[in-house]
Amino acid sequence: MRPIIKVENLSKRYHIGTSAAHRGALRYTTLRESLSRMASAPFKRLSRGGRAREETIWALRDLTFDIMPSEVVGIIGANGSGKSTLLKILSRITEPTTGRVELYGRVASLLEVGTGFHPDLTGKENIYLNGAVLGMKRREIARKFDEIVAFAEIDKFLDTSVKYYSSGMYVRLAFAVAAHLDPDILIVDEVLAVGDASFQKKCLGKMDDVTKSGRTVLFVSHAMEMIAQLCERTILMKDGRINKAGPSREVIDYYIGLYNPG
Amino acid sequence: MEAVTRTEADGLAGPEPDSEQALYHLPEKPLVVIEPHSSWVALNIRDLWLYRETFYFLVWRDIKVRYKQTVFGVAWAIIQPLFLMLAFAFFFGQLVRVSSDGAPYPIWVYVGILPWTFFSNALANSGNSLIGNSNLITKVYFPRLIIPSAAIAAGLLDFAIAFALLLGFIPFYGLGLSWSMLMLPPLVLLVTFLALAVGIWTSALNARYRDVRHALPFLIQLWMFATPIIYPLSIVPPEYRWVIALNPLTGIVEGFRSALFGWPFNWGALAFSATITLFLFVFFVYVFRRMESSFADVI
């Protein structure tokens with residue numbers, strides 16, 4: 001059987017830059033900085049060789065793996081191990097620096113709950129907008145509309161702007177739309193921990209249905225129990241590389257063992 | 001896209017390991033290949049077509065949101081050009097007595113304000129569109145060209161409403177219908193494409209360099225003075241006229257007036273505008289595509 005996702009020698013380098021560190025959260029550059037850097041770069045390189053080394057970081061290093069159709073794969077690892085970068089590349093949000101990915105199916109990615117929600121639009125309008133942004137067709141949304149509303153339990157507030165929603169209502173609606181996506185490959189970042197206990201249970205149930213429907217799912221989470229429950233195989237990432245891959249229980253035990261020696 | 005077919009996968013409780021092949025007919029070639037971009041990037045028309053509904057919904061959202069929680073609602077589309085017209089008609093028509101090539105100044109200036117208001121709003125909206133939608137850019141994929149384009153397309157509704165007001169003026173000023181009005185659709189198309197070209201480029205620049213956000217309003221203002229909107233090209237001394245004529249909007253604004261007042265068209269100027277517009281459009285779309293891959297990392 002052929003893989004549905006084929007990843008070969010994938011690497012991603014980010015420029016962090018010493019100047020960027022000074023600016024902190026302000027990651028964008030101004031034209032003047034760009035010009036002055038352009039003008040001064042050759043001299044800097046002359047004066048201290050290897051300056052480029054301290055300005056970049058490899059978020060992913062030479063990753064190679066395959067995912068088979070209908071597989072449900074968990075991805076775990078400490079913060080900064082490259083999980084999110086990997087998902088972003090697979091979702092085509094950012095480009096790899098080297099390497100190649102081949103996708104043999106339609107991808108929908110769920111990196112955040114409520115992407116594209118507009119506070120001034122009503123619940124109903126946001127269902128359509130959010131669905132479209134996530135890649136659903138208008139007819140598909142219309143067909144699933146009642147199901148989405150029922151799942152979110154917001155039918156009384158359909159014509160209210162979502163800015164007046166409680167945060168619980170907001171995430172319930174957002175998750176409901178996302179849960180009704182129907183792609184070949186579903187990529188999910190830590191987004192399931194939303195709502196109160198009963199809604200979380202419902203979410204997990206829905207995810208369970210999704211994973212059993214023959215869809216290929218990639219699933220990033222820090223919730224090990226959830227991974228163990230939903231995924232048959234798990235990939236552990238460390239410093240942009242695959243540290244260990246195999247049956248979920250095994251990998252999770254290994255991962256927990258790393259931090260609890262003896 | 002439809003090459004991938006899942007055979008009733010939804011109805012199954014769970015796939016047995018050996019039934020997986022029946023569930024998926026994987027296409028021979030990958031649907032998507034993700035690689036570092038090469039130096040030449042073609043305009044991916046297939047991708048734009050696949051995501052046409054995203055475009056439609058972004059236009060719809062921009063229109064819906066624009067007049068939410070306003071008292072006057074969609075009347076704003078008329079208020080802006082109408083009050084500009086009254087101000088210009090008073091200061092330049094009455095006080096300074098600027099020539100309007102023989103037409104009544106108020107309606108003459110309104111015909112210039114129409115494409116200008118559309119163009120300047122389109123530029124301002126699309127220029128800030130990528131930044132305004134950064135939450136989308138960092139979380140979902142779709143061709144990024146859709147964002148500035150949708151911002152411009154949404155402005156066409158305002159343009160249509162302001163144009164309807166103009167039609168109301170026509171009998172009032174005793175203007176008749178004429179064949180030259182048939183030039184209006186191509187002129188609207190032309191000004192839309194010019195706005196697209198410049199808007200696409202500014203939005204991309206703005207994502208990288210926030211200077212654009214500060215420069216844009218003031219450059220738009222300067223551009224207005226470089227376009228014969230409150231004055232006719234005929235009062236510009238011949239030795240300076242070429243400067244104004246280099247502006248691709250000049251031919252378009254003059255074209256709108258010729259079409260509505262039944263004056264002879266300056267075909268040379270129109271051909272020049274069309275050529276510049278086409279060139280800018282192709283070039284700026286190319287520039288946008290070159291920068292597109294880094295948007296999620298820099299925005």
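**Chain B and its contact with chain A**

Good morning. I begin with the strands: strand E4 (residues 98-103) of chain A and E1(B) run antiparallel and are joined by three bridges. Within this pairing, A:Glu102 stands opposite B:Val33 in E1(B). For the complex, the predictor reports an ipTM of 0.81 and a pTM of 0.84.

Let me turn to the contact between the chains. On one side, 44 residues of chain B take part, and they are in contact with 48 residues of chain A. Which elements of chain B give two or more residues to the side that touches chain A? They are H1, strand E1 (32-34), helix H3 (52-66), helix H7 (134-137) and helix H14 (295-298) of chain B. H3(B) supplies the largest share of that side, with six residues. In terms of class, the side of chain B that touches chain A comprises 23 nonpolar, 13 charged and eight polar residues.

Next, chain B as a whole. Its secondary structure consists of 14 helices and one strand. Chain B has 299 residues, of which 36% count as buried. If we take the contacts in chain B between residues at least 6 apart in sequence, 77% of them join residues at least 24 apart.

I now come to confidence. The mean pLDDT of chain B is 86, with 90% of its residues at 70 or more. Among the elements of this chain, helix H9 (residues 184-208) of chain B has the highest mean pLDDT, 95, whereas helix H1 (residues 20-23) of chain B has the lowest, 47. Over residues 1-22 of chain B, pLDDT stays under 50, and the model has 31 contacts beyond four places in sequence for this stretch. Where pLDDT is low, the predicted coordinates should not be read in detail. I would recall here that H1 is among the elements listed on the side of chain B that touches chain A.

Finally, one residue of chain A. A:Tyr255 lies in helix H10 (residues 248-259) of chain A. Is A:Tyr255 buried or exposed? A:Tyr255 counts as buried, because it has 20 C-beta neighbours inside 10 Å. Leaving aside residues up to four places away in sequence, A:Tyr255 touches A:Ile76 and A:Leu236. As for A:Arg233, the C-alpha to C-alpha separation from A:Tyr255 is 14 Å in space, and the two are 22 residues apart in sequence.

Thank you for your attention.

Methods. Residues numbered from 1 in each chain as written. Chains lettered and ligands numbered in written order. Predicted model: local features only at pLDDT ≥ 70, side-chain atom pairs only at ≥ 80, totals over all residues. pLDDT = per-residue confidence, 0-100. Helix = DSSP H or I, 4+ residues; strand = E, 2+ residues; numbered from the N terminus. Contact = placed C-beta atoms within 7 Å. Buried ≥ 20, exposed ≤ 12 C-beta atoms within 10 Å, placed from the backbone. Nonpolar A, V, L, I, M, F, W, Y, C, P; charged D, E, K, R; others polar. Pairing = 2+ DSSP bridges.
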